[in-house]
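Reader: I would like to learn how to read a structure such as this one, feature by feature. Could we begin with a single residue and then widen the view?

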Amino acid sequence: MAQKFHIPESEVLLKLTDCTLKGVIKKVGKLYIFSNYLCFDSHVFGSTTKIALELFAICDLVSKKDTMEVKTLKQKYVFSQMPEAKYIFDLLYARWTDVRNASEHNDFSSSKLELKRFVNSVGSTSSNSDSQMIEMEPDDWATVLKDAQFNKYEDGERILKEGANSTSIFYIASGRVSIQKKSPSGIQIHGTLETGSLFGEMSFLVAGCATASIIADGMNVQIYVIEQTSLYLQFIRFPHLAGRFYSYLANILASRLSERELEINKEREAKKTIA
């Protein structure tokens, strides 16, 4: 079965069901949920359609009445007319969540190593010693925020939606925000960020989807939205700024990875204690 979609033969088929892919021409076919892939094939009037999506590449899954929306960075797929539609969605959502969490856990060590290499490579371009990290100066921040959009949000207002395509970086000028993620049991809060913090840096670096929703936590939250294009133009005008800014981002990511690794270790120890 896996050979049909040119995916690893080790893939396990979890569910096969009839469905329709919405589009200019509706395509009746079959949906395959594998352990790490979501696939679809259709044969209509001699036209063959085959789709193979890696679960990790899916940005968001949404269930709407009798349809299921699958969003990737570049495209949205809408499937309908599925028997046991709710069961299919719940199964896919649970497997998608497991894949994302497993990838997040497994990538910590390699991600930290790559970040350290990146920080060192940026630091080596400085006129200071290699052991001294490049820091953003007040003038650097003034340049970065010069063309940024300034927005105000009220308590509970959504600033960034989980799964949304975003290449902007958000700087909290004032207030606090809540980090929220979807789970099969509902919305879970994964912490808060205070004045002076950044978010959206991972999507900015890899041109991906937002991994969490960011919600204003309190009144009059003020945010600078730094667009990728305007920032790149500043890098062209001020070459030294790029090295300092990317070094700053790398330090933030390394710190958050370390914090998350500690949380994961605590969770593992707690599970061992319960077992």
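Reader: Leaving aside its neighbours within four places in sequence, with which residues is Val70 in contact?

Author: Please keep in mind that this is a predicted model. With neighbours within four places in sequence set aside, Val70 is in contact with Leu38, Leu53, Ile58, Asp60, Leu61, Gln75, Lys76, Tyr77 and Phe79. One of these residues, Leu61, stands opposite Val70 in S6.

Reader: Which strands does that pairing belong to, and how many bridges join S5 to S6?

Author: S5 and S6 run antiparallel and are joined by six bridges. Within this pair, Asp60 has Lys71 in S6 as its bridge partner. The two strands form a hairpin with two residues between them, and Lys65 in the turn has a positive phi of about 50°.

Reader: Is S5 mostly covered or mostly uncovered?

Author: S5 is mostly covered, since five of its seven residues are buried.

Reader: What is the general idea behind a nonpolar core, and which residues have the most contacts inside the largest one here?

Author: In soluble globular proteins, nonpolar side chains tend to be buried together. In this model the largest nonpolar core has 22 residues, and those with the most contacts inside it are Leu31, Leu38, Leu61, Met68, Val70 and Phe79. The elements that give two or more residues to this core are S1, strand S2 (27-34), strand S3 (37-44), strand S4 (47-54), strand S5 (58-64), strand S6 (67-72), strand S7 (76-80) and helix H1 (85-106). H1 supplies the largest share of this core, six residues. There is also a second, separate core of 17 residues, which includes Met136, Val144, Leu145 and Leu241.

Reader: Which residues of helix H3 are buried, and against what do they pack?

Author: In helix H3 (residues 138-145), the buried residues are Asp140, Trp141, Thr143, Val144 and Leu145. The buried residues of H3 pack against strand S10 (169-174), strand S13 (198-199), strand S15 (221-226), helix H5 (228-237) and helix H6 (239-274).

Reader: How do I read the geometry of two packed helices, and at what angle do H3 and H6 pack?

Author: One looks at the angle between the axes together with their separation: H3 and H6 pack at an angle of about 95°, with their axes 11 Å apart. These two helices are therefore roughly perpendicular to each other. On the H3 side Asp140, Trp141, Thr143 and Val144 take part, and they meet His240, Leu241, Arg244, Phe245 and Tyr248 in H6. By class, this contact of H3 with H6 has five nonpolar, two polar and two charged residues.

Reader: How do the axes of H5 and H6 cross?

Author: The axes of H5 and H6 cross at roughly 125° and come within 5 Å, and that angle makes H5 oblique to H6. The contact is made by Leu231, Tyr232, Gln234, Phe235, Ile236 and Arg237 of H5 with Pro239, Leu241, Ala242, Phe245 and Tyr246 of H6. Its residues divide into nine nonpolar, one polar and one charged.

Reader: What is the order of the open sheet of four strands, and why is one side of S9 and of S12 left without a neighbour?

Author: That open sheet has the order S9-S14-S11-S12, with antiparallel pairing. Strand S9 (158-160) and strand S12 (186-193) stand at the edges and have a single partner strand each, so one side of each lacks a neighbour in the sheet. The twist averages 35° from one strand to the next. Inside this sheet, four bridges join strand S11 (residues 177-183) to the antiparallel strand S14 (residues 213-216), and Ile179 stands opposite Ile214 in S14.

Conventions. Residues numbered from 1 in each chain as written. Predicted model: local features only at pLDDT ≥ 70, side-chain atom pairs only at ≥ 80, totals over all residues. Heavy atoms only, no water. Pairing = 2+ DSSP bridges. Axes fitted to C-alpha atoms, helices over the stretch in contact; angles between N-to-C directions. Buried < 20%, exposed > 50% of the residue type's maximum accessible area, 1.4 Å probe, protein only. Contact = heavy atoms within 4.5 Å. Core = buried A, V, L, I, M, F, W, Y, C linked by side-chain atoms within 4.5 Å. Parallel < 35°, antiparallel > 145°, perpendicular 65-115°, else oblique. Nonpolar A, V, L, I, M, F, W, Y, C, P; charged D, E, K, R; others polar.
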